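Hi,

Here is the structure I promised to pass on to you. Have a look at it first, then read my notes below with the viewer open.

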Amino acid sequence: MKIGNPEIKMLADTVEVSADVDGFRLWYRVPKAYQVSGAGDPFLAAALLPAMLEGEKLEIDPGMPVSPRLLEHVSQLQEIHHCWNPVLKIVPIQASTLPAGPLNKGAFSFFSGGVDSMFTFLKRLKEISHVVFIHGFDFSVDTGTYQQAVARNSAFVQGYGKTLIPLETNQYHFGYRYN
């Protein structure tokens with residue numbers, strides 16, 4: 001499974017980071033106020049389980065380096081997933097590495113508003129400055145429903161002096177191709 005052809009482009013209110021993953025144009029969009037990188041990390045994360053399901057080597061364009069720390073720990077992730085489901089095969093990963101440095105100030109946590117993310121948010125309240133709320137990761141909803149959820153969750157975290165970062169992706173549609 002190949003990952004390549006990276007691109008960063010400015011849209012109306014967002015910055016889009018995208019790449020071709022197994023013939024699918026996968027993208028992530030964040031508000032323009034935040035710095036982004038062309039690293040391969042989010043694409044490696046998205047493609048890992050599909051590559052394991054297909055039993056295919058994962059090849060990441062050398063122009064999209066991944067964090068050495070992520071690459072080091074992916075083998076352990078593969079072992080865990082394979083143990084849980086032997087249908088998922090452990091696959092080799094070919095990628096260049098480059099240490100990842102912080103692009104934006106603060107510490108963030110993913111936040112869905114559900115029990116797990118709420119627990120993390122409240123337990124790590126002093127450490128977390130931002131929460132990331134994702135549309136299109138594990139399901140898709142219409143834009144109106146998403147905007148309502150952004151407003152609701154943003155108001156909640158602002159009550160604690162934190163900032164919500166809305167992120168959009170088409171990752172759900174990518175993953176759906178592999179069930």
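Start with Glu16, which stands opposite Arg29 in strand β3. Keep in mind as you look that this is a predicted model. The two strands involved are β2 (14–21) and β3 (24–31), which run antiparallel and are joined by 8 bridges. Together β2 and β3 make a hairpin with 2 residues between them. Click on Asp22 in that turn: its phi is positive, about 55°.

Now stay with β3 for a moment. What does β3 pair with in the antiparallel sense over 2 bridges? That would be β8, where Thr169 is the bridge partner of Tyr28. β3 is also mostly covered, with 6 of its 8 residues buried.

In soluble globular proteins, nonpolar side chains tend to be buried together. Here the largest nonpolar core has 29 residues, and those with the most contacts inside it are Ile3, Val21, Leu26, Phe43 and Leu58. The elements giving two or more residues to this core are β2, β3, α1, β4 (58–60) and β8 (163–169). Which of them gives the most? It's α1, with 7 residues.

Leaving out residues up to four places away in sequence, Ile3 touches a whole list of others, including Val21, Phe43, Leu44, Ala47, Leu58, Ile60 and Met64. Charged residues are on that list too, among them Asp20, Glu59 and Asp61.

Apart from this core lies another one, of 10 residues, among them Ile128, Val131, Ala149 and Leu164. Val131 turns up again in strand β7, as the bridge partner of Ser109. β7 (residues 130–135) runs parallel to β6 (residues 108–110), and 3 bridges join the two. Is β7 mostly covered or mostly open? Covered: 5 of its 6 residues are buried.

Last stop, the second largest pocket. About 360 Å³ of space lies in it. 15 residues line this pocket, and the closest to its centre are Ala46, Leu49, Pro50, Gln171 and Gly175. Helices α1 (41–54) and α5 (171–176) each supply at least two residues of the lining. What is the lining made of, by class? There are 11 nonpolar, 3 polar and 1 charged residues.

Cheers

Notes. Residues numbered from 1 in each chain as written. Predicted model: local features only at pLDDT ≥ 70, side-chain atom pairs only at ≥ 80, totals over all residues. Heavy atoms only, no water. 1 Å grid on protein atoms, 1.4 Å probe; cavity = no way out; pocket = protein on both sides within 12 Å on 5 of 7 lines; lining within 4 Å. Points joined across faces, edges and corners; volume = space filled by probe spheres on them. Helix = DSSP H or I, 4+ residues; strand = E, 2+ residues; numbered from the N terminus. Core = buried A, V, L, I, M, F, W, Y, C linked by side-chain atoms within 4.5 Å. Buried < 20%, exposed > 50% of the residue type's maximum accessible area, 1.4 Å probe, protein only. Contact = heavy atoms within 4.5 Å. Pairing = 2+ DSSP bridges.
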